[in-house]
Each structure stands twice: as structure tokens, then as C-alpha cells.
Amino acid sequence: MNLTLRVWRQKKASEPGRLVDYPARDISPDMSFLEMLDVVNEGLIQQGQEPIAFDSDCREGICGMCSLVINGVPHGGHQATATCQLHMRHFHDGQTITIEPWRAKAFPVVKDCVCDRSSFDRVIQAGGFVSVGTGGTPDANTLPISKKDSDRAMDAAQCIGCGACVAACRNASAMLFVAAKVSHLAQLPQGKVEAADRVQAMVAQMDAEGFGNCSNQSECEAVCPKEISVDFIAQLNREYLKTVIK
Amino acid sequence: MGSLSTKHRPYFWTSTGKKFLMAVSGLALVGFIVGHLIGNLQMFLGQEAVNRYAAFLKSTGELLWVARLGLIAMVLTHIVTAVSLALENAAARPVGYAAKTYKEATYASRTMKVSGLIVLAFLGYHLPHFTLLVTHPEYHHLLDDRGRHDVYSMVVMGFQVPWISGFYIFGTFLLGMHLTHGIYSMFQSLGFQTIILRKRIRPAAIAAGWLLFLGFASIPLGVLAGLIQLPSGGLVP
């Protein structure tokens with residue numbers, strides 16, 4: 001396959017960036033999107049040009065490091081698929097592919113398509129700790145948790161913190177991410193002790209980082225590689241509102 | 001809690017708090033709109049029903065003002081919060097996308113600001129027109145044979161003008177569209193949503209928006225179609 005890539009190039013945060021066209025020749029449909037970029041970068045390096053900077057780590061869809069808004073959709077828009085798991089067979093020969101970084105005030109671009117997502121880390125830090133009993137290893141199943149609750153907590157815990165929800169949201173809101181983290185712990189007995197403080201602190205940090213607000217459009221859910229449901233956003237709102245009567 | 005010292009905003013002025021304010025004020029306004037529509041539909045019952053109802057509302061005196069002040073407070077809350085949310089949202093993405101494709105967002109949800117502003121502009125005409133009687137001071141003198149303010153004839157005369165009817169239909173259409181997303185969104189923001197509920201609330205909100213629009217639009221349409229007519233015997237100006 002031969003493609004044209006329209007890629008966001010930006011030397012550093014303080015300099016303005018722009019879209020630059022690059023040809024991508026002899027691409028195999030079996031390649032992943034990131035492998036395709038590796039090939040293009042190899043060509044750029046051979047020509048003595050600066051390769052395109054992009055994030056990736058595990059390349060098996062579980063680390064949350066890869067990003068890229070591909071033709072206007074974070075992670076390229078295939079169900080439950082992160083960019084690293086997106087394959088070139090979904091594109092056709094001769095296609096022009098626009099590649100941009102996540103766009104949000106809270107995710108400043110570091111270089112090209114790499115952005116700084118440490119605002120998410122600070123939201124997680126703001127969540128604080130969970131109280132657990134120390135001492136000997138507890139027996140299995142000493143904490144009674146219903147199957148429904150443990151399943152729901154696991155659904156929320158699927159979040160890999162990639163930030164696609166923020167990238168897809170037209171308000172650059174981090175509600176789905178924060179909702180997943182808050183709901184995950186609020187669902188379990190271990191997380192209940194600090195639940196009220198946690199939700200308040202995480203919401204406060206989310207706001208302080210400059211994320212936008214939720215308009216309930218569900219764009220986040222649609223692009224989430226882990227299919228986190230917007231029902232968790234309702235749960236976040238519920239957890240937050242509960243704290244007023246506490 | 002936590003190692004970070006983040007300044008906490010007032011409880012209802014955080015992002016979730018503001019969405020709560022939007023939802024609660026929106027809920028109150030939807031309640032008013034439903035009541036308003038039920039009152040309006042009495043136009044199909046004729047002059048006596050409408051004028052009696054109007055006279056009853058006026059007779060409540062101070063209570064009417066309690067309701068009005070409550071409504072004004074809700075409208076102001078809805079607007080002030082919406083402006084604040086919109087400003088924050090605009091600031092949250094300083095550099096936009098070259099290409100952006102929506103996958104889920106409905107047309108109604110993407111045009112909430114525009115539909116809200118047009119509905120506000122519509123209110124700017126509707127209140128002087130039928131409530132304050134500024135645009136048509138002659139409506140003050142319309143009385144029925146029992147000496148009550150003839151609200152029925154006022155509405156019929158108003159809607160016999162096609163552009164006024166058209167404007168009301170347009171205004172209420174945008175209101176209905178606003179509510180197809182607003183009513184759904186309300187449940188989400190109030191945290192009153194689960195997987196099972198969402199499947200029902202989404203279509204129910206769309207149906208509610210359409211029903212409210214059709215209900216409101218039926219009155220100007222009824223007048224234009226001649227189903228709702230001026231009382232026989234003519235008017236006593």
C-alpha cells in the first residue's frame with residue numbers, strides 16, 4: 001500500500017506546529033499503525049530528517065502509552081482498539097491519513113505527536129490511599145463482595161489512562177477517566193472508607209488541571225480502547241453528590 | 001487528603017457541581033414547561049376554559065410571584081452556569097483538531113449552546129408578546145363577556161399572523177431539540193443512571209422532546225388551520 005501521511009510536526013512546546021505531508025510507501029496491510037510509522041521514520045532517518053515523535057510502549061493494548069488522533073478519531077475509531085492494535089488493513093491504498101496529538105490544555109504537546117499526560121498522574125495522586133489492614137496475609141474471600149460489584153469494579157479498573165476520552169471530548173473533559181478511577185474504588189469495600197474525600201479531591205484536581213466539563217455526548221465511551229461506560233460518569237456524579245450529605 | 005494541595009472550589013462550583021446546577025435548574029424548567037403546555041392545550045377546549053384558567057392563575061396573587069421568582073432564579077442559574085461551563089470548555093482546548101469526526105454525539109447535543117440562545121431570544125419575544133403585552137398593548141382591552149381578560153382571543157389573534165406562528169413553531173422546535181439532549185443529560189448529571197436505565201432514558205428523552213414540541217406547535221397550527229377560532233359574535237374591543 002502507498003499512503004500519504006499528514007502529520008503534526010512541532011519541535012517543542014513553545015514553538016507552533018503545523019501539519020506536514022509524508023509519503024508512506026510499500027506498507028503491508030499486516031502492519032500495525034505504529035509499525036507503519038516505524039517504517040516511515042526509518043526512511044526519514046536515512047534521509048537525514050528528524051523522525052516523527054510518537055508515544056508507544058507495550059504495543060499490545062494494555063499500557064495506555066500510545067495515542068494519536070487518526071483522521072479525527074483518537075486511536076483511529078475501531079471498537080476496543082488502541083492505536084498499537086490498529087492494523088493497516090483498515091486503510092486503503094492511496095489514502096491520506098491525518099495524524100495529530102491529543103489536544104487539550106491539560107495535555108500540552110511535548111514534541112510532534114507526543115503530549116504530556118502527567119496531569120492524569122496528579123489526578124491519581126490526589127485520590128490518595130485506601131485503608132487496608134496490615135499484618136498477616138488474609139484468607140481468601142474474607143471480604144464479602146458481591147459478584148456484581150466485583151465485576152463492575154473490574155470494568156472500571158480496565159481503564160489504562162491513555163487519555164483518548166479527553167482527546168475525543170469536545171470539551172477536553174477528563175470525566176470518563178476520573179469516573180473510572182473513582183468508581184473502581186468506590187465499588188469495593190476497601191475503597192469505601194475514603195470514598196468521599198477521594199471523589200472531592202480527584203474532582204478538584206481534575207478542575208485544577210484545566211480539563212473541560214462533561215456534556216454527556218458519550219464521545220469518550222465510543223473511542224475508549226477499554227470500552228469504559230459513561231455509566232461510570234453517572235456514578236462519579238452520584239459519589240460526588242453523596243458527599244454533600246456526609 | 002492526598003499530597004497535593006489543590007484549592008477546593010465551592011461545592012457546587014466544581015465541574016460536577018456545575019453540572020448538578022444545570023440539571024436541577026433544567027429539571028425545574030422542564031417541570032414548568034410541562035405545566036405550561038398542559039395549560040396551553042386548553043386552547044382546544046375553547047374560550048371559557050382558557051379564560052377561566054388564566055383568571056385562576058392571576059387570582060393566586062403573591063403565590064404567582066413566588067412561582068415567577070422561582071422560575072427567574074432557575075433561568076438565571078441555568079444561564080450563568082451554562083456561560084461559565086462554556087468558557088471553561090473553550091479554554092480546555094486551546095489548539096483544535098485539523099480533522100475531527102464525531103462518533104456518538106447527536107446533533108442536538110452539539111448545538112445546545114445555539115438552541116439555548118435561540119430559545120432565550122424566543123423568550124425575549126414571547127414574554128413581551130403574551131405576558132407583558134408590550135408588543136400589542138391593545139390586548140389589554142380584550143375582555144370576554146364575563147369581564148375577564150380574554151386570553152383565548154388574544155392567542156388566536158396572535159397566531160393568525162403567519163410569521164408570528166412560524167416564529168413560535170421554530171422557537172418551540174429548538175426548545176424540544178434542546179430537551180432531547182437536556183432531559184437525558186439531566187439523569188446523567190444527577191447520577192441517576194445505570195446501564196438498564198440508560199437504555200430507556202435515552203429514547204424517552206427524545207420522545208419527550210418531540211412530544212413537547214408537537215404539543216406547543218399544535219396551538220399555532222390549530223389556529224392557522226382554523227381548528228381554533230375566535231369566539232362567534234365577534235370581539236368587543
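**A predicted two-chain model, from fold to interface**

In chain A, 71% of the contacts with a separation of 6 or more join residues 24 or more positions apart. The model is a predicted one, and every value below is computed from it.

Start with chain A. Its secondary structure amounts to 9 helices and 7 strands. The C-alpha trace spans about 60 × 40 × 35 Å along its principal axes. Chain A has 246 residues, and 47% of them are buried.

Next, the domains. The assignment for chain A gives domain 1 as residues 3-110. Domain 2 covers residues 118-245. Taken over C-alpha atoms, the centres of domain 1 and domain 2 of chain A are 29 Å apart. The two domains touch: domain 1 of chain A puts 19 residues into the contact, and domain 2 of chain A puts in 17. What classes of residue does domain 1 of chain A bring to the side that touches domain 2 of chain A? That side holds 11 nonpolar, 6 polar and 2 charged residues.

Now turn to chain B. Chain B has 8 helices and 0 strands. Read along the sequence, the pattern is α-α-α-α-α-α-α-α. The C-alpha atoms of chain B fill a box of roughly 80 × 40 × 35 Å along the principal axes. Of its 237 residues, 30% count as buried. Among contacts in chain B with a separation of 6 or more, 78% link residues 24 or more positions apart.

One helix pair in chain B deserves a walk-through. Helix H5 of chain B runs over residues 112-131, and helix H7 of chain B over residues 162-189. Their axes come within 9 Å. They cross at roughly 140°.

From H5(B) come Met112(B), Ser115(B), Gly116(B), Ile118(B), Val119(B), Phe122(B) and Tyr125(B). From H7(B) come Phe167(B), Gly171(B), Leu174(B), Leu175(B), Met177(B), His178(B) and His181(B). By class, the contact of H5(B) with H7(B) has 9 nonpolar and 5 polar residues. No charged residues take part in this helix contact.

Elsewhere in chain B, look at Glu48(B). Glu48(B) sits in helix H2 of chain B, residues 47-59. Glu48(B) is 128 residues from Gly176(B) in sequence. C-alpha to C-alpha, Glu48(B) and Gly176(B) are 29 Å apart.

Across the interface, 52 residues of chain A are in contact with 43 residues of chain B. Which elements of chain A each supply at least two residues to the side that touches chain B? They are strand S5 (96-100), helix H2 (118-126), helix H7 (195-208), helix H8 (219-223) and helix H9 (231-242). The side of chain A that touches chain B divides into 21 nonpolar, 20 polar and 11 charged residues.

Note on methods:
Residues are numbered from 1 along each chain as its sequence is written. Chains are lettered from A and ligands numbered from 1 in the order in which they are written. This is a predicted model: local features need pLDDT of at least 70, side-chain atom pairs count only at pLDDT 80 or more; totals for chains, interfaces and linings use all residues. Two residues are in contact if their C-beta atoms, placed from the backbone, lie within 7 Å. Helices (H or I, at least four residues) and strands (E, at least two) are DSSP runs, numbered from the N terminus. Ala, Val, Leu, Ile, Met, Phe, Trp, Tyr, Cys and Pro count as nonpolar, Asp, Glu, Lys and Arg as charged, and the others, Gly among them, as polar. A residue is buried if 20 or more other C-beta atoms lie within 10 Å of its own, exposed if 12 or fewer, and partly exposed in between; C-beta atoms are placed from the backbone. Domain bounds come from an automatic or database domain assignment. Axes are lines fitted to C-alpha atoms, for helices over the stretch in contact, and angles run from 0 to 180 degrees between N-to-C directions.
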